[in-house]
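Subject: Handing over the structure

Dear colleague,

I am passing on the structure that we talked about, and below it you will find some notes on what turned up in it. Please open the two side by side.

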Amino acid sequence: MERTYVMVKPDGVQRQLVGEIISRFERKGLKIAGLKLMQIPRSLAEEHYGEHKGKSFFAPLVDYITSGPVVAMVLEGKDAVSTAREMMGATNPLQAAPGTIRGTYGMDIGRNVIHGSDSPASAEREINLFFRPEELVSYDRSL
Ligand code: CMP
């Protein structure tokens, strides 16, 4: 089973889309292995988005992601990384397919509602950045 890191961004929390977004993942069949509401410290935001350092949108991105609470989660399931990415749609909501999360709820690349790891390696890195091992729970859903 694969795990991925997904985060409802400050615009998604502010617009009260958290329940709707989690519900989509649950209905798809992805299992929640970790979940928390948190305010991201600036240092963590800079590390998380380190690959974008030097780009024109880096500073606004860090300002934005630290501007209000996010909902951080770890989702588990078969091909969890690509499955969650498919459900989110393209980074730019204007190019995201209708019916995807960004395609349904977004209009602005800087306010694109949700983040998801782009590879299994990124998922491992991001899960470790946002969750301590004891915050992740393994359980049997058939109970
Ligand atoms: P995310 O998947 O969280 O990863 C990096 C984020 O940078 C991306 O979503 C966008 O919200 C944000 N961003 C802002 N401007 C741009 C841009 N011009 N190109 C790509 N990403 C951008």
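Which residue takes a positive phi just after α5? That residue is G89, with a phi of about 90°.

Before the rest, a word on how to read these notes. This is a predicted model, in which local features need pLDDT of at least 70 and side-chain atom pairs count only at pLDDT 80 or more, while totals for chains, interfaces and linings use all residues. Residues are numbered from 1 along each chain as its sequence is written, and side-chain values use heavy atoms, with hydrogens and water left out.

The mean pLDDT (the predictor's confidence in each residue, from 0 to 100) is 97 for the protein, and 99% of its residues reach 70 or more. For the complex, the predictor gives an ipTM of 0.94 and a pTM of 0.96.

Helices (H or I, at least four residues) and strands (E, at least two) are DSSP runs, numbered from the N terminus. Buried means under 20% relative accessible area, exposed over 50%, and partly exposed in between, with a 1.4 Å probe and protein chains only. Contact means heavy atoms within 4.5 Å.

In helix α2, residues 18-28, the buried residues are I21, I22, R24 and F25. They cover an arc of only 150° around the axis, which puts them on the same side of α2; the arc is that of the directions from the helix axis to the C-beta atoms. These buried residues pack against β1, β2, β3, α5, α6 and β4. After α2 comes G29, whose phi is positive, near 120°.

In α5, the buried residues are A80, V81, T83, A84, M87 and M88, and what covers them includes β1, α2, β3, α6, β4 and α7.

H115 lies in strand β4, and the UniProt annotation "active site", from an unreviewed entry, covers this residue; UniProt positions are given in the numbering used here, feature names are shortened, and annotations may be inferred rather than shown by experiment. H115 counts as buried because its relative accessibility is 11%. Leaving aside residues up to four places away in sequence, H115 touches several residues, among them Y5, H48, M88 and E126.

T66, in the loop between α4 and β3, counts as buried because its relative accessibility is 17%. The C-alpha atoms of T66 and I40 are separated by 5.4 Å, although the two are 26 residues apart along the chain.
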